[in-house]
Amino acid sequence: MAEASRWHRGGTPKPNLHYSKEVEIRTTLQELALYFIFLINLCILTFGMVNPHMYYLNKVMSSLFLDTSAPGDERTNFKSIRSITDFWKFMEGPLLEGLYWDAWYTNKTLYDLKNSSRIYYENILLGVPRVRQLKVRNNTCKVYSSLQSLMDECYDRYTSKNEDLADFGLQVETEWKYAPPDSTSPWHWGFVGVYRNGGFIFTLSKSKSETKNKFIDLQLNSWITRGTRVIFIDFSLYNANVNLFCIIRLVAEFPATGGIITSWQFYSVKLLRYVSYYDYIIASCEITFCIFLIVFTTQEGQKIREFKSAYFKSVWNWLELLLLVLCFLTVSFNIYCNVQIFLLLGDLLKNTDQYSDFYFLAYWHTYYNNIIAVTIFFAWIKIFKFISFNKTMSQLSSTLSRCIKDIVGFAIMFFIIFFAYAQLGFLVFGSQVDDFSTFQNAIFAQFRIVLGDFNFAGIQQANRILGPIYFITFIFFVFFVLLNMFLAIINDTYSEVKADYSIGRRPDFELGKMIKKSYYNALEKLKLKKPEEDEDKKKKGGDLVERARREGFDENEIESAKQMKKWKDRLEKKYYSAEIQDDYQPVTQQEFRELFLYAVELEKELHYVSLKLNRVMRKISTLP
């Protein structure tokens, strides 16, 4: 009885493996179904925040303020500003004309709403625009002693230490007096430097004529000096038709080398979140997202407690943790943005005669969009965890895991050569070619060479000898040698993995086959499809009987074999079934009797086979 109970507990590993396999399949399918619901909810949430009108609003505003030329000078617009004269032409021309719209195209008065301006008739100007400049002090850089007699002024590049905080000029209005920066406002990252808030500020008037007189007065009194390093033009619009705010910042940087470098930022954001019925659907998706986040966090916490240090050995677990961190960051940014909008938006809309600083809200709202964009990217990547049981995906993951050491070794060699060429290009062409003006630009320029997007004439003109040599050798070593070497590593490893799969080394189960099997089982239970296995067994059993008769077996032997087959199938179904869940169950007397009879029949069969083998051996021994 002890032997029988040990056999029943699973002395053979087959039932335990079969059971664990079925549990793993069922668990994987449940996780996949739950995760698809989460992913659909996240997609509705993210795409519901993006409005196609955002692009068109940015486009029409950029066309108005960036591409419109000054009257009488078709070559001067904001993008083409290169001197202080061009800057004042833009301020008095395209900027002034673009900000003040008070009549329809037929010169008919459009409206009379607190003397406000509606740009393109549909976008109301919120408050008044603001112009702000930052300066640096004189003598902030060192002049070589031999040249000190030639120049008595020296203005370095902009830093917070070099910033000029003293009042200048007329010293009567705010534009001549320094305003300290606001600690909550973000710094601006420009092409030449990083600029903080504050500086010398003035706001425009509601009247177009007053604003134009203001520009003329500033120009005559030299508001822009040699110490000026950057000028910001900020204003905000609201379009009620599409419920979008457009926050615009035009930047003119005055580098220490002279000239002007222009840049711009157009942020179309939806600050009034919950207005229409669709917005409330998005709100429900946000609540569902938080519920999913709590559930997933609890699951991962249980896995960490269960597996402990072994949990961190899986790449997929690290992806789970990264996704959870991004989700928490997304929720934190969303809460912070909504709180700030609730606190600031009302006050900003009340002061129609002052500058309304929506840039702070747009800045953090843009960061929130970026975080949620990265989150949904990794959420889609996680699907590979579930489809990795597929044969093709398993081959791909096996290939990458096998060749990772070779790829790391190759990457070291590749980037040594790659950075060597980047340093060469930066030093040789950096002063003349824009693509190599900085070391970072040189790195990206070389990636563009690999992709075939490169201006060869530029480096050839910069250096007629080293230019072609650099280009030809880079293409040969990096494109023809190293990249093909990388492909050879991948291809060779993939061939090995495919060969292993062809001889039976493959995943324990494939998710696609299991889903198909579950689908057929459901149809059979609903009596919409006949069981295929029973038909196959009947067909296979009939073929075996016919084959046995053709080979000369009598009917008694065939019936005995059929009885043995029935016993075997019944016992396997009973003792090797996946439904066994208890480690121990007592063996009944009937079960013991069936096992005994099965053992007796096996003994008879073995005796019969032994007799046949002895007969064959005697015949072989009598052969000459």
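Two strands pair if DSSP finds at least two bridges between them. Strands (E, at least two residues) and helices (H or I, at least four) are DSSP runs, numbered from the N terminus.

This is a predicted model: local features need pLDDT of at least 70, side-chain atom pairs count only at pLDDT 80 or more, and totals for chains, interfaces and linings use all residues. Residues are numbered from 1 along each chain as its sequence is written, and side-chain values use heavy atoms, with hydrogens and water left out.

Select S6 (228-239) and S7 (244-253). They form a hairpin with 4 residues between them. In the turn, Asn-243 has a positive phi of about 55°. The two strands run antiparallel, joined by 10 bridges. Ile-233 stands opposite Leu-250 in S7.

**Stop two: the other partner.** Glu-253 has Ile-261 in S8 as its bridge partner.

**Stop three: S7 itself.** Are its residues buried (under 20% relative accessible area, 1.4 Å probe, protein chains only) or exposed (over 50%)? In S7, 10 of 10 residues are buried. Leu-244, Cys-246, Ile-248, Leu-250 and Ala-252 point one way, and Phe-245, Ile-247, Arg-249, Val-251 and Glu-253 the other. In a regular strand the side chains alternate between the two faces of the sheet.

**Stop four: the core.** A nonpolar core is a set of buried Ala, Val, Leu, Ile, Met, Phe, Trp, Tyr and Cys residues joined through side-chain atoms within 4.5 Å. The largest one has 42 residues; Phe-65 and Trp-223 have the most contacts inside it. Helix H4 (84-99) is among the elements that each supply at least two residues. H4 gives the largest share, 7 residues.
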